[in-house]
Structure formats: C-alpha cells, structure tokens
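Me: I'm new to reading protein models, and I'd like a close look at one part of this one. Could you take me through it slowly?

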Amino acid sequence: MCRRGSRPRSIGPAPGGRAAAQYDQFIEECLAGGVRAALVHSDHDVIELMRRMRLRHLHAPKDLAFIACDDEIASLADVPLTAVAPPEREIEQQAARLLLSRLDASDPLSVPVRQLFIQPRPTVRASCGTHAGA
C-alpha cells in the first residue's frame with residue numbers, strides 16, 4: 001500500500017519474493033504516482049525494495065519511506081525499518097488459554113467461539129523518515 005497525501009492508495013500487493021522486475025515496478029508505480037511512503041507486508045520485501053532503490057541511486061526514507069509489517073529482522077536493515085508487529089508472546093498466551101478452556105470442557109465443541117482483539121505494536125525506526133528512530 002502506498003500513501004499519497006492524506007488518503008491511502010493501494011497500488012497492488014507488494015512483490016513478496018517475486019522477480020526483481022516486480023520490485024522495480026512497485027518502486028516505479030509509487031514514485032510515478034507521487035507516493036512518499038509505503039506500508040509493505042514483510043521486512044524481507046522492504047529490504048529488497050531498498051536494495052533495488054539503491055541500484056537506481058534512490059534512498060529510503062528520502063525518496064520513499066517504508067513501514068514493514070512483521071519486525072522480524074527490521075532492525076538489521078541498512079536503514080533500520082519502522083515496523084508494526086503483533087505481540088507474539090500475548091498471542092501465544094491467549095492461544096494456550098483458549099486451547100486449555102476447550103480441553104477442560106466436558107464437550108469441547110460446546111465451548112463458545114471467542115474473538116480476541118490484540119493490538120499490534122509499532123517500533124519507530126529510520127525508514128519512515130522520523131528522527132525518533134534514528
């Protein structure tokens with residue numbers, strides 16, 4: 001997803017493990033549309049996008065800012081990635097509680113369906129153009 005002005009604008013899915021040409025096309029579409037920031041699914045994709053940008057003498061966040069959505073290796077990128085990630089420990093604990101409640105029930109299929117809302121946590125780093133993460 002790319003953001004132009006105050007309205008998000010999707011230009012299609014991030015290239016996710018695809019050919020270099022698809023990463024280049026993603027960059028071209030963002031820049032041609034005046035997009036200044038992109039929310040990209042994985043750290044790996046953002047790192048590859050930034051690598052492809054450097055080959056064209058473009059740099060994050062000056063030419064295109066990024067936010068990744070998993071924060072697995074985000075801090076290791078040449079330009080550390082701002083990332084949004086689910087609180088994995090909390091998800092694991094809630095999943096264990098739900099499983100145990102089903103196992104404790106006399107009829108596991110009679111346990112009501114539960115819906116949990118777990119907020120992702122942002123970690124601000126340099127890739128989004130803020131000095132707070134620098």
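Which elements make a right-handed β-α-β unit here?

Reply: Happy to! First, this is a predicted model, where local features need pLDDT of at least 70, side-chain atom pairs count only at pLDDT 80 or more, and totals for chains, interfaces and linings use all residues. Residues are numbered from 1 along each chain as its sequence is written, and side-chain values use heavy atoms, with hydrogens and water left out.

Your unit is made of β3, α2 and β4, and it is right-handed. That means that, with the strands pointing away from the viewer, the path from the first strand over the helix to the second runs clockwise. The labels come from DSSP runs, numbered from the N terminus: helices are H or I with at least four residues, and strands are E with at least two.

Now look at the two strands. Strand β3 covers residues 37-40 and pairs with β4 in the parallel sense over four bridges; strands count as paired if DSSP finds at least two bridges between them. Ala 83 in turn has Thr 123 as its bridge partner in β6, where β5 and β6 (residues 121-123) pair in the antiparallel sense over three bridges.

Next, the helix. Met 50 sits in α2, which spans residues 43-55. Met 50 counts as buried because its relative accessible area is 4%, and buried means under 20%, exposed over 50%, and partly exposed in between (1.4 Å probe, protein chains only). Leaving aside residues up to four places away in sequence, Met 50 touches Ala 60, Phe 66, Ala 77, Val 79 and Leu 81; a contact means heavy atoms within 4.5 Å. Take Val 79: it is 29 residues from Met 50 in sequence, yet their C-alpha atoms are 8.5 Å apart in space.

Finally, how far should you trust the picture? The chain averages a pLDDT of 84, and 84% of the residues score at least 70; pLDDT is the predictor's confidence in each residue, from 0 to 100. Among the elements, β5 (residues 82-85) has the highest mean, 94, while strand β1 (residues 2-4) has the lowest, 46. Where pLDDT is low, the predicted coordinates should not be read in detail.
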